[in-house]
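User: I'd like to learn how to read the helices and contacts in a model like this one. Could you take me through it step by step?

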Amino acid sequence: MDYLSKYDLLGAFWVTVQLTVLSAVGSLVWGTLLAAMRVSPVPLMRGFGTAYVNLVRNIPLTVIITFSAVGLSSTLGVVLADKNEHGFFEVNNFRLAVLGFTLYTATFVCEAIRSGINTVPVGQAEAARALGLGFGQTLRIVVLPQALRSVVAPLANVLIALTKNTTVASVIGVAEASLLMAEMVEKQADLLPISALFALGFVVLTLPTGLVLGWIGRKVAVKR
Amino acid sequence: MSTQSVLYDAPGPKAKARNVVYTIVFGLALLAVAWFVYRGLDAKGQFAAAMWTPFLDADVWENFILPGLELTLLAAALSIVIALPFGAVLGIGRLSEHRWVRVPVAVVVEFFRAIPVLILMIFANQYYADYTDIGSDNRGLYAVVTGLVLYNASVLAEVVRAGILSLPKGQSEAAYALGLRKTQIMVSVLLPQAVKVMLPAILSQLVVILKDTALGGAAVAAADLLRSGTLISGNYNNAVPTYIVIGAIYVVINLLLTWAASLLQKRWSRGSRSTPQVTVTAAVGTATAA
């Protein structure tokens, strides 16, 4: 396996990590907003939240990612990078992929947070309202902090799924781990060792995430 | 109502007025976005009749969409049918009293759950190309099904395990008291009851599988629904309408499956005194690869 030095394995997995982290931050923000909409007193917001989640969650991620490149960018001319910049396609497709992952993963973040809101005892919200707090205050100061602490483990699962999902970016040519793997298994004869190497890479990425976040989740969960 | 209404009081006159204001502001924002999207699409001529008429053409459906849909459904059906028995065996194996069964099974299950399905598909595709004489026409389908089976057997193993563990302890204790053997208890007492608990979770996993089949069309050249879409948009140069139609087909099928799952759950939880519910985090988290 002396050809290994010809390929930039660490670089490919670094792109995977970048995709994961950026999309995770984006989907956490957008997902929390969606969850707030879904429990809000304004019917139109609730309706929008529900419709968005049920629609986007049921579209295959591959379709979303392909569309972002073929439809959004090539056909409709939405570009997320400077056209004259060197390596425009790489940067543009990377950002499109992050956009697609964020829009998709946010639906699962939203559902996780919403289930967390359901675990907060009714008395908490009632007490908050008895103190005269409004919806925004109740949600922000009393309910969400407790809800978020109880959804660390489910969110860890979403994060792990996202890490694995970033491989889908390879279908629009983002140079992450699975694209490199496809290239390597095609050109080199050692199918099994190469596959094992990439599998191991993902185990190394996902296993600690689950263990560490699971531990944190147990630590911060509100004991009831 | 549930917790939702607990977060806020029944609106008084002031809150009602405020909610109306919020509704109008949010509605205007939505309309602005919709207008922006409409203008963008219109500027690129996406509403031209020529973009959409291919979908009124029977040939397009006959030659592209229906065969693609058929392969997508076939791949999903094969995957779940093959993965279920493997999942059952792995799930029961993880509950074994023998450490030498339990530990290796746990390692296998956790390993395949940690790997992206796409990696498994790429591996299977190359494996079939190198070591078998499966023609390149069918290789995509084989690779998709293999990848999905490897991954979903491990996910379903967790579903089965959670289903069996959710049953009251008295069930197996009573069976032991009747003198049944371990295998008999599993086959004739625990599994039949667990299936009832598991079925909604299995149906939601089917949604995940169906979405994952789209990976095959994009990565290992399976002639599935997404691939049909690529061909149509190549032929008629109408990427946006094509993806809207293809996406809608996926959404409708998945919504039907989700609806069936919740219907089953409702019907069965009404029937018995206390049907435990399996909440398999795996099935949720694997919003997976698509």
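User: How are two packed helices described, in general? And at what angle do helix α1 and helix α7 of chain A pack?

Analyst: In general, two packed helices are described by the angle between their axes and the distance between those axes. Keep in mind that this is a predicted model. In chain A, helix α1 (residues 9-38) packs against helix α7 (residues 152-165) at an angle of about 135 degrees, and their axes are 9 Å apart. That makes α1(A) oblique to α7(A). The crossing of α1(A) and α7(A) is right-handed.

User: Which residues of α1(A) and α7(A) meet?

Analyst: From α1(A) come Thr20(A), Ser23(A) and Ala24(A), and they meet Leu159(A), Leu162(A) and Thr163(A) of α7(A). By class, this contact of α1(A) with α7(A) has three nonpolar, three polar and no charged residues.

User: Let me try another pair. At roughly what angle do helix α5 and helix α6 of chain A cross?

Analyst: Again, the angle between the axes and the distance between them give the description. The axes of α5 (residues 122-130) and α6 (residues 135-150) of chain A cross at roughly 160 degrees and come within 10 Å. An angle over 145 degrees counts as roughly antiparallel, and α5(A) and α6(A) are therefore roughly antiparallel to each other. The crossing of α5(A) and α6(A) is right-handed.

User: And which residues meet there, between α5(A) and α6(A)?

Analyst: On the α5(A) side you will find Gln124(A), Ala125(A), Ala128(A) and Arg129(A). On the α6(A) side, the residues are Thr138(A), Val142(A), Val143(A) and Gln146(A). This contact of α5(A) with α6(A) divides into four nonpolar, three polar and one charged residue.

User: Stepping back, how many helices and strands does chain A have?

Analyst: Chain A has nine helices and zero strands, and its pattern along the sequence is α-α-α-α-α-α-α-α-α. Its C-alpha atoms fill a box of roughly 70 × 40 × 30 Å along the principal axes. Of the 224 residues in chain A, 47% are buried. Look also at sequence separation: among contacts in chain A with a separation of 6 or more, 74% are between residues 24 or more positions apart.

User: How should I read burial for a single residue? Is Glu176(A) buried or exposed?

Analyst: The idea is to count neighbours: a residue is called buried if 20 or more other C-beta atoms lie within 10 Å of its own. Glu176(A) is buried, with 25 other C-beta atoms within 10 Å. Glu176(A) lies in the loop between α7 and α8 of chain A. Leaving out residues up to four places away in sequence, Glu176(A) touches Ala12(A), Val15(A), Thr16(A), Leu19(A), Thr166(A), Thr167(A), Ala169(A) and Ser170(A). Glu176(A) and Phe94(A) are 82 residues apart in sequence, and their C-alpha atoms are 9.6 Å apart in space.

User: What about a whole helix? How many residues of α8(A) are buried?

Analyst: Helix α8 (residues 177-187) of chain A is mostly covered, with eight of its eleven residues buried. Among them are Leu179(A), Leu180(A), Met181(A) and Val185(A). The cover over the buried residues of α8(A) includes α1 and α9 (191-220) of chain A together with α6 (117-131) of chain B.

User: Where does UniProt place the feature "transmembrane region" in chain A?

Analyst: The unreviewed entry gives residues 12-37, 58-81 and 191-216 of chain A. Over residues 58-81 the chain is 62% helix, and the end C-alpha atoms are 29 Å apart. Over residues 191-216 the chain is 100% helix, and the end C-alpha atoms are 38 Å apart.

Key. Residues numbered from 1 in each chain as written. Chains lettered and ligands numbered in written order. Predicted model: local features only at pLDDT ≥ 70, side-chain atom pairs only at ≥ 80, totals over all residues. Axes fitted to C-alpha atoms, helices over the stretch in contact; angles between N-to-C directions. Helix = DSSP H or I, 4+ residues; strand = E, 2+ residues; numbered from the N terminus. Parallel < 35°, antiparallel > 145°, perpendicular 65-115°, else oblique. Left-handed = near helix turned anticlockwise from the far one by under 90°. Contact = placed C-beta atoms within 7 Å. Nonpolar A, V, L, I, M, F, W, Y, C, P; charged D, E, K, R; others polar. Buried ≥ 20, exposed ≤ 12 C-beta atoms within 10 Å, placed from the backbone. UniProt positions renumbered as here; feature names shortened; annotations may be inferred.
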